[in-house]
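This briefing concerns the structure shown below. It treats the chain as a whole and then turns to selected residues.

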Amino acid sequence: MALGDDVLLEIDAEGVATITLNQPERRNALSTAISDGISAALAEIEESDARCVVLEGAGGAFSAGGDIESMVEGIENDVPADERVRALERSTNDLMRTLIEFTVPTVALIDGPAVGAGANLALACDMQLASEDAVFGFVFRQVGLSVDAGTSYLLPRVVGENVAKELVLTGDIVDADRAKELGLVNHVYGRDELEDRVDEFVDTIVSGPPIALRHANRLVGEGLEKSLEQALTDEATAQGIVFETADHEEGVDAFFEDREPEYEGR
């Protein structure tokens, strides 16, 4: 299934939705076409029975971040700053809001560079799986810019304020192993095992109870913004919904029958 040629979407029979950024000649930079394509794919997934989303880049790069060509056009054509800000809000910022708040579990598969806004695109997913060839960098300073695409929100929550400032102010590139140490990724896999290990990871999520996992994913994502009392109340409310599902009954039955549950998402 294609959303234009720039972003591809495939949803398989097991409920795995794969979004592929497909501008390898531009290292999948976050052009307007890429941002809009991902947003359109997420909207389609929201209406489907998908249980997990994998976001990946074609051609040996996850995403090289901001669209340098559009930056050059803005300078050469003397596009007013407020107009460029509106464009940023309309494409990249809308995408980041949607991805961060998306309740279907999302997995970034990072193979090659994820830099600038591309690194934030990976962090906006719920989990990050990297190949040994992955590299990360918050390199906005290299083009004379501050941060955007959610850097100031996402990065300190993952690595802490001090490390976030170091990564931003130095623009250092970190390899996959260092990214794992910092918590930027959940797992790093060797080239020869990447496909199998990612499939195993995703299969574990897909085999779970979809309604319950959506609620759990949302609640954990919101947790840092809440008081303890609000978190407890919201968890109880969600359990009240999930108690009524057939999947909960199936899970309990499977536990007592000593078998694997078969969740249907209802």
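**Briefing on a predicted model**

Ala-149 counts as buried, because its relative accessibility is 2% and the cut-off for burial is under 20%.

**Residues with positive phi**

- Ala-149 is not a glycine, yet its phi is positive, at about 55°.
- The loop that contains Ala-149 runs between strand S8 (135–137) and helix H5 (151–159).
- Arg-27 likewise has a positive phi of about 55° without being a glycine.
- Arg-27 is placed in the loop between strand S3 (16–21) and helix H1 (32–46).
- What is the relative accessibility of Arg-27? The value is 46%, and Arg-27 therefore counts as partly exposed, since that class lies between the limit for buried, under 20%, and the limit for exposed, over 50%.
- In terms of accessibility, Ala-149 is buried, whereas Arg-27 is partly exposed.

**The chain as a whole**

- The protein has 266 residues, of which 43% count as buried.
- Its secondary structure comprises 11 helices and 10 strands.
- For contacts between residues at least 6 apart in sequence, 67% join residues that are at least 24 apart.
- The protein exposes about 14,000 Å², and carbon and sulfur atoms supply 50% of this area.

**Negative surface patch**

- Which residues form the negative surface patch? The patch is made up of Glu-14, Glu-195, Asp-196, Asp-199 and Asp-203.
- One of these residues, Asp-199, belongs to helix H8, which covers residues 194–206.

**Ile-241 in helix H10**

- Helix H10 spans residues 228–242 and includes Ile-241.
- Ile-241 is partly exposed, because its relative accessible area is 44%.
- Ile-241 and Ile-211 are 30 residues apart along the chain, and their C-alpha atoms are separated by 9.1 Å.

Conventions:
Residues are numbered from 1 along each chain as its sequence is written. This is a predicted model: local features need pLDDT of at least 70, side-chain atom pairs count only at pLDDT 80 or more; totals for chains, interfaces and linings use all residues. Side-chain values use heavy atoms; hydrogens and water are left out. Helices (H or I, at least four residues) and strands (E, at least two) are DSSP runs, numbered from the N terminus. Buried means under 20% relative accessible area, exposed over 50%, partly exposed in between (1.4 Å probe, protein chains only). Contact means heavy atoms within 4.5 Å. Accessible areas come from the Shrake-Rupley method with a 1.4 Å probe; for residues, only the protein chains shown count as cover. Patches are made of residues with over 30% relative accessible area and no salt bridge: like charges are joined within 9 Å, nonpolar side chains (Val, Leu, Ile, Met, Phe, Trp, Tyr) within 5 Å. A salt bridge is a side-chain nitrogen of Lys or Arg within 4 Å of a carboxyl oxygen of Asp or Glu. Lys and Arg count as positive and Asp and Glu as negative; His and the chain ends are not counted. The place of a charge is taken as NZ of Lys, CZ of Arg, CG of Asp or CD of Glu.
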